[in-house]
Amino acid sequence: MKTYEIAAIPGDGIGKEVVPEAVRVLHEMEKIHGDLKFEFTEFPWSSEYYLEHEQMMPDDGLETLKTFDAIFLGAVGNPEIVPDHISLWELLINIRRNFEQVINIRPARAFQGLRSKLANPEDFDLIVVRENSEGEYSEVGGTIYQGEEKIAIQNAIFSRKGTERAMHYAFELAKSRGKKVTSATKSNGIYHSMPFWDGVFHDLSNQYPDVETEQMHIDALAASFVTKPESFDTIVASNLFGDILTDIGAAIMGSVGIAPAANININGKYPSMFEPVHGSAPDIVGKGIANPIGQIWTAKMMLDHFGETDMGDRLLSAIEAVIRKGVVTTDIGGKATTTEVTDEIIRQIAEET
Ligand code: NAD
Ligand code: IPM
Ligand code: MN
């Protein structure tokens with residue numbers, strides 16, 4: 001029996017609603033496989049936990065997480081009770097940084113029968129490789145006074161090492177997909193970091209002669225995500241550009257509620273973390289209408305990461321079938337509740353076996 005130890009952190013808001021749904025689905029995968037086990041240990045680390053303990057996780061939180069095969073996270077953030085820069089930096093970004101989850105991969109694709117805002121969403125299938133450890137997400141800077149005036153200074157950090165590894169990851173991924181990498185740049189406006197980024201991209205392109213390359217300014221790229229998503233295969237982007245692009249990717253699929261993500265530790269020293277693209281969605285919390293597909297597709301990415309690709313494929317094909325049938329939540333035009341969608345996915349998995 002192959003057992004995977006998974007740390008579950010539902011977090012805040014709808015994270016607490018969708019994580020249990022994906023856990024239910026994974027237990028169904030155990031049944032159809034017969035020789036696979038997912039052992040979940042749940043941690044209540046969240047904004048509510050912060051109110052009680054004045055920290056988002058205990059001092060030995062990272063030590064505890066280190067021993068797991070993977071971390072399965074819902075969403076963090078309840079700005080009504082804890083400022084986002086505290087809750088996110090102490091939990092989500094803390095884990096990403098300390099566990100060297102330097103790559104964040106986030107696919108977006110068309111699904112048959114899915115009501116997208118696009119006129120013709122039939123044929124796109126792209127993946128964003130987001131640099132996940134540096135760039136615009138930096139603590140370097142501060143606030144100063146110039147006379148009476150307060151000024152905030154925020155520096156971005158682009159190391160050769162960090163930039164190269166994100167780009168290498170993208171090129172390797174592209175080799176197994178559409179053999180094309182688009183680099184998200186802004187070297188026309190951002191004076192130091194982006195020309196540097198372009199230079200690294202140029203150097204790496206030479207190492208991958210079989211992969212087609214293109215470079216687009218992030219503004220034009222964002223527009224093209226909407227107008228011609230089918231022209232993209234693998235996109236490599238800095239931390240912030242990748243963050244924004246992947247919400248657009250989610251939107252062109254139909255909803256941020258279905259987009260998955262994987263924070264990958266590439267040196268094998270620490271667990272990777274799997275969490276959907278969306279946040280805690282305070283506006284719909286408690287209504288039973290959160291789309292569980294983002295979290296469930298994220299579970300598929302975790303299965304693939306474990307090497308259980310057959311199980312991962314089966315899970316994705318169940319998601320596809322349920323979307324085709326239209327048993328979906330209101331954000332993508334259906335009437336089903338969170339649990340009804342999950343029930344249907346589970347039924348579909350059982351049926352296809
Ligand atoms: P959000 O993704 O939570 O919500 C944006 C919109 O999308 C809302 O209208 C919401 O209802 C909708 N939405 C999101 N997930 C959905 C789902 N599964 N089903 C249906 N609709 C869904 O973004 P936000 O409002 O900017 O952020 C809310 C909180 O979440 C903030 O505290 C923010 O910092 C945090 N956040 C956390 C993460 C994370 O933990 N990975 C990611 C993004 C935002
Ligand atoms: C994401 C989120 C986070 C990010 C926030 C909540 C810090 O938006 O995972 O996409 O920007 O990385
Ligand atoms: Mn985001």
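Predicted model: local features only at pLDDT ≥ 70, side-chain atom pairs only at ≥ 80, totals over all residues.
The domain assignment for the protein chain builds domain 1 from two pieces, 1–103 and 257–352, while domain 2 runs over 116–253.

Okay, how do they touch? On the domain 1 side, 11 residues are in contact with 13 residues of domain 2. If you look at where the domain 1 side of that contact comes from, H4 gives the largest share, with 3 residues. By class, that side of domain 1 has 7 nonpolar, 2 polar and 2 charged residues.

Keep H4 in mind, and let's move on to the ligands. Which helix gives the largest share of the shell around ligand 1? Helix H4 again, residues 84–98, with 3 residues. There are 23 residues around ligand 1, and the ones that come nearest are Gly77, Gly257, His278, Gly279 and Asn291. Sorted by class, the ligand 1 shell has 12 nonpolar, 7 polar and 4 charged residues.

Now ligand 2. Around this one you'll find Leu88, Leu92, Asp243, Val277 and Gly279. That splits into 3 nonpolar, 1 polar and 1 charged.

Last bit, the annotation. The UniProt record, which is an unreviewed entry, puts a domain called "Isopropylmalate dehydrogenase-like" on residues 5–345. In the model, the end C-alpha atoms of residues 5–345 lie 23 Å apart, and that span is 42% helix and 20% strand. That's me done, over to you.

Note on methods: Residues numbered from 1 in each chain as written. Chains lettered and ligands numbered in written order. Near = placed C-beta within 6 Å. Helix = DSSP H or I, 4+ residues; strand = E, 2+ residues; numbered from the N terminus. Nonpolar A, V, L, I, M, F, W, Y, C, P; charged D, E, K, R; others polar. UniProt positions renumbered as here; feature names shortened; annotations may be inferred. Domains from an automatic or database assignment. Contact = placed C-beta atoms within 7 Å.
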